[in-house]
Amino acid sequence: MKRIFLIALLCVVATTKAQETGLFHNEEQFTRQDTLRGSITPERAWWDLNYYHLDVAVEPSKKYISGKNTIRYKVLSSAQTLQVDLQPPLKIEKVTQNDKELTFTSEGNAHFIHLKEKQNKGDYNEVVVYYSGHPKEAIRAPWDGGFSWKKDKNGNDFVATSCQGLGASVWWPNKDHMYDEVDSMKISVTVPKNLMDVSNGRLIGVDEHEKTKTFHWFVSNPINNYGVNVNIGDYVHFGEKYEGEKGTLDMDYYVLKDNLDKAKEQFKQAPKMMEAFEHWFGPYPFYEDSFKLVEVPYLGMEHQSSVTYGNKYQDGYLGRDLSGTGWGLKFDFIIIHESGHEWFANNITYKDIADMWIHESFTAYSENLFLDYFYGKEASAAYVIGTRKAIQNDIPIIGKYNVNNEGSGDMYYKGANMLHTLRQLVEDDEKWRSILRGLGEKFYHQTVTTQQIEGYLSKETGIDLTAFFNQYLRTVMIPKLEYSINNNTLKFRYTDIVEDFDMPIQVFINQKEQWIYPNKDWKEVNADTPIKEFKVDEDFYILNQEI
């Protein structure tokens with residue numbers, strides 16, 4: 001499909017996850033594998049994740065991994081078959097429960113473990129899945145997912161994982177569906193002795209071996225599977241203490257040795273990010289696990305408490321301003337955007353990837369809230385309005401449910417402009433801020449659906465937003481205000497709208513601001529003098545046309 005180059009470029013660079021094999025592939029033909037991956041199958045539904053211990057050895061010289069994952073679960077209802085996911089070419093070598101080997105059958109990425117012992121409701125049981133192989137190599141991380149096997153400029157191995165969309169089962173065996181987050185986990189990674197592994201949570205120990213080291217990390221909060229990561233390199237560490245809303249937060253930074261000086265300067269933005277986002281969204285959700293920025297050989301991702309960074313120590317998105325306004329060069333896109341996901345993706349997580357807008361719309365919107373906090377409301381509005389040039393309106397923002405299908409990449413900046421529009425409807429910035437903070441409180445460490453978020457926003461704003469969300473999330477139509485002017489009279493209506501869409505908007509009539517209340521029917525307002533000038537407030541994401 002042909003597109004204007006600038007728009008196509010913006011749509012690529014405006015996302016840190018894009019339209020390749022892992023994300024935004026929106027196929028209409030779905031297979032049984034899509035259903036096994038994307039739905040709560042009977043073999044998933046009867047057990048609830050409690051704890052993982054992922055113990056994996058990484059051999060960069062062979063591009064090979066091997067290890068095991070201990071999966072502890074609570075029995076919700078009695079059943080004898082348990083689904084674990086692992087993607088080829090990795091292979092499950094064996095599965096045990098209480099040191100007894102179990103049989104399993106495989107269907108593509110899904111592996112059905114046949115349990116011998118009776119699974120009694122309320123019990124906590126464990127299975128241990130042993131696996132090995134050459135995992136999928138990411139060709140263009142983070143968009144296509146897998147392992148990135150790179151070298152730093154000194155010839156040292158520089159290795160990292162990324163897997164949103166494609167699924168964490170691309171590199172480790174797990175219950176690969178977002179609805180069920182593990183309550184806590186230990187991550188043990190064995191690497192060559194000259195290197196270091198940085199993963200999620202806090203470092204709790206390092207074991208020295210003859211030729212290798214094993215780094216043990218512990219995550220005390222619930223974590224989604226794709227948020228789990230391995231980062232291996234010739235790292236150096238520096239850090240600071242941030243006095244935040246919940247007390248003292250450890251902020252740690254791991255970068256390649258040669259980049260230490262650049263990182264110490266660029267990462268000064270991290271505490272500024274924390275200040276702005278705690279103001280708007282409430283306390284950082286993972287004080288117990290700390291906050292980290294970790295340099296990687298790809299652009300970056302929102303791995304929980306282990307945010308990865310590859311923006312080459314420059315402001316903007318790889319030095320570019322996505323809004324075209326200049327405001328996008330006032331911050332490092334990856335530090336701000338990916339850290340924003342700690343609130344929207346890691347704290348509040350979609351149950352089904354069809355609702356990925358919950359992650360990306362709020363986080364894209366966080367970019368202009370960062371600007372709002374430090375540079376003011378006009379700067380933030382200019383930025384988010386400037387990103388509209390990246391919107392495609394190709395397919396709806398919400399994807400297809402139960403088949404691991406994302407909606408349009410418009411979930412980023414169409415979603416951000418939808419939320420910016422909603423702010424105007426609230427008409428009270430302190431109330432809007434309390435609503436955003438309330439999201440983090442109400443859905444703290446939860447997986448959620450679109451309906452839950454819509455319901456919360458309707459209740460807290462006091463506005464029935466049913467048609468509003470139907471319009472922006474479920475169609476590709478942008479409301480169009482058609483109008484005509486005859487002397488003192490403005491006549492107007494909406495077209496390209498869903499049923500019951502009647503969003504009020506602010507307009508300027510002869511430079512005087514006022515609200516009008518369009519719907520599908522023609523309405524009119526009369527001015528005191530002939531209407532010489534008419535303009536729709538750009539803060540509202542609509543089109544307008546004089547007829």
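Which residue just after α5 takes a positive phi? In this predicted model, the residue is G282, with a phi of about 100°.

**View 1. Helix α5 and its burial.** Helix α5 comprises residues 269-281 and spans 17 Å between its first and last C-alpha, close to the 18 Å expected at 1.5 Å a residue. The helix is mostly covered, with ten of its 13 residues buried. Among the buried residues are M273, M274, F277, W280 and F281.

**View 2. The open sheet of ten strands.** Pairing in this sheet is mixed, and the strand order is β3-β6-β5-β4-β7-β2-β1-β10-β13-β12. Because β3 (81-85) and β12 (202-208) at the edges each have a single partner strand, one side of each is left without a neighbour in the sheet. On average, neighbouring strands are turned by 25° against each other, direction ignored.

**View 3. The pairing of β1 with β10.** Strand β1 (residues 47-59) runs parallel to strand β10 (residues 184-192), and seven bridges connect them. H53 stands opposite K186 in β10.

**View 4. Aromatic pairs.** The count of aromatic pairs comes to 40. The ring centres of F147 and W149 lie 4.7 Å apart with planes at 15°, so this pair is stacked. Both F147 and W149 are buried. For F281 and F344, the centres are 5.1 Å apart and the planes stand at 85°, so the pair is edge-to-face. This pair links distant parts of the chain, 63 residues apart: F281 belongs to helix α5, and F344 to the loop between α6 (333-340) and β20 (348-350). F281 and F344 are both buried.

**View 5. Charged side chains over tryptophan rings.** R140 lies over the face of W143, 3.8 Å from the ring centre. K491 lies over the face of W522, at 5.1 Å from the ring centre.

Note on methods. Residues are numbered from 1 along each chain as its sequence is written. This is a predicted model: local features need pLDDT of at least 70, side-chain atom pairs count only at pLDDT 80 or more; totals for chains, interfaces and linings use all residues. Side-chain values use heavy atoms; hydrogens and water are left out. Helices (H or I, at least four residues) and strands (E, at least two) are DSSP runs, numbered from the N terminus. The expected span of a helix is 1.5 Å times one less than its number of residues. Buried means under 20% relative accessible area, exposed over 50%, partly exposed in between (1.4 Å probe, protein chains only). Two strands pair if DSSP finds at least two bridges between them. Axes are lines fitted to C-alpha atoms, for helices over the stretch in contact, and angles run from 0 to 180 degrees between N-to-C directions. Rings of Phe, Tyr and Trp (its six-membered ring) pair if their centres lie within 6.5 Å; planes under 30 degrees apart count as stacked, over 60 as edge-to-face and the rest as tilted. A charge sits over a ring if NZ of Lys or CZ of Arg is within 6 Å of the ring centre and within 35 degrees of the ring normal.
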